[in-house]
Amino acid sequence: MAFREKQPFTQPTALIPMVASLGWVSSRCLQPNPHPLSCYLCIDACPANALVITEEDSEVKLIATNACHGCLQCVSACPTEALVSHDIDQLFNDQEADISLHVGCHRVANRHVDKTLHCLRALGADSFAALSANASPQAVVLHIPDDCSACEASPTNSAKDTWRESAQAFCSITEALPTGHYQRARQALSRRDLLRGRSTPPLPHIPEDDTEPKARRLQRHLDAANKRVGVVAPTLPGIKLNHDACDAHSVCARVCPTDALTAIDNVLSFTPQACLNCQHCLSACPENALESTTLIHEQSITLRHGVQTICAACGRSFQMHNNKRNEDGMPTCPACRRENALMQESFEDLFG
């Protein structure tokens, strides 16, 4: 399959049919072709180490083992929303505008809770921003038992846990008394359940034109910040280009899984709100001419604007930028410059 060729349309595949409403949209994921990138954010976010990426007959698959207990933290960790959940979608669909919202986890028994999500850590900064913007001027209140400290769904490395800080940026947090220990989101089917025809949890329906990788979470966060005053805007990923090192072959744009980097008519442009911050463009650049940074605005940036010219050495047409010329001031293509550099190195090795 050619790079950036569209994958066949797919609906979510159920990962743990009898435990949680968790589905995987393979065409949104960065691991399978045509963009086989090393992205393991969902695996790193799983406190139960239940997610595994395998390859069978050249087909990449995401598998959830029986260790999965349905906290859905993997969903909020995926920037492309390749992992989806009916429960999280339902929370957004049921929210009423301009009305306060009280959300608690399954360990909270509180008559003031409007909606229950099995684990509140299934929500990320983009979800908090969107819920907060929709409830404004009222507040979103999270009811958390025991500060999550005695819960199976809490992260194993508390030093790197920034979830509460992210939640407090958009919501109010109330400590609640737990009703019991953490439970699996849904128990496995028994023989009686099978005989009764108990159905599996539903999964969201994905429109056919929305199955490619996109920076969906970043864009949702931006939409919320633009919708309501006071909603904290996200820090946008940025790219810097070292013009002296760049050879203008636009490999970075060709490997970008979204349209964040584009090379059209000799112009290399960067759109921050479309960037996944996967940094594949940085690793793919043979000259190491790209560097990641951060931005505070959403406007597209022109990183390079080149012109077509003729190489004085070989006569081929090439894209020149930064006025790269040979010692005589004549324009030379990257291939001729490399050849001259190799000849110079060989001469110095022989006679230096």
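This is a predicted model: local features need pLDDT of at least 70, side-chain atom pairs count only at pLDDT 80 or more; totals for chains, interfaces and linings use all residues.
Residues are numbered from 1 along each chain as its sequence is written. Local features need pLDDT of at least 70 and side-chain atom pairs count only at pLDDT 80 or more, while totals for chains, interfaces and linings use all residues, and side-chain values use heavy atoms, with hydrogens and water left out.

Student: How many of the 11 residues of helix α4 are buried?
Tutor: Helices (H or I, at least four residues) and strands (E, at least two) are DSSP runs, numbered from the N terminus, and α4 covers residues 125-135. Buried means under 20% relative accessible area, with exposed over 50% and partly exposed in between (1.4 Å probe, protein chains only). Phe128, Leu131 and Asn134 are among the buried residues.

Student: Nice! Which elements cover the buried residues of α4?
Tutor: The cover includes both helices and strands. Among them are α3 (86-94), β6 (101-104), β8 (140-145), α5 (163-168) and α7 (216-227).

Student: What is the relative accessible area of Arg28?
Tutor: Arg28 sits in the loop between β2 (23-24) and α1. Counting contact as heavy atoms within 4.5 Å and leaving out residues up to four places away in sequence, Arg28 touches Glu81, Asp210, Glu212 and Arg216, among others. Arg28 is buried, and its relative accessible area is 3%.

Student: And the largest cavity: which element gives the most to its lining?
Tutor: On a 1 Å grid over the protein atoms alone, a cavity is a set of points where a 1.4 Å probe fits but cannot get out, and lining residues have an atom within 4 Å of a point. The largest has a volume of about 160 Å³, and of its 16 lining residues the closest to the centre are Trp24, Cys29, Cys39, Cys42 and Cys78. Both α1 (41-45) and β4 (59-64) give two or more residues to the lining. With 3 residues, the element that gives the most is β4.

Conventions: On a 1 Å grid over the protein atoms alone, a cavity is a set of points where a 1.4 Å probe fits but cannot get out, and a pocket is an open set with protein on both sides within 12 Å along at least five of seven lines; lining residues have an atom within 4 Å of a point. Grid points are joined across faces, edges and corners, and a volume is the space filled by probe spheres set on the points.
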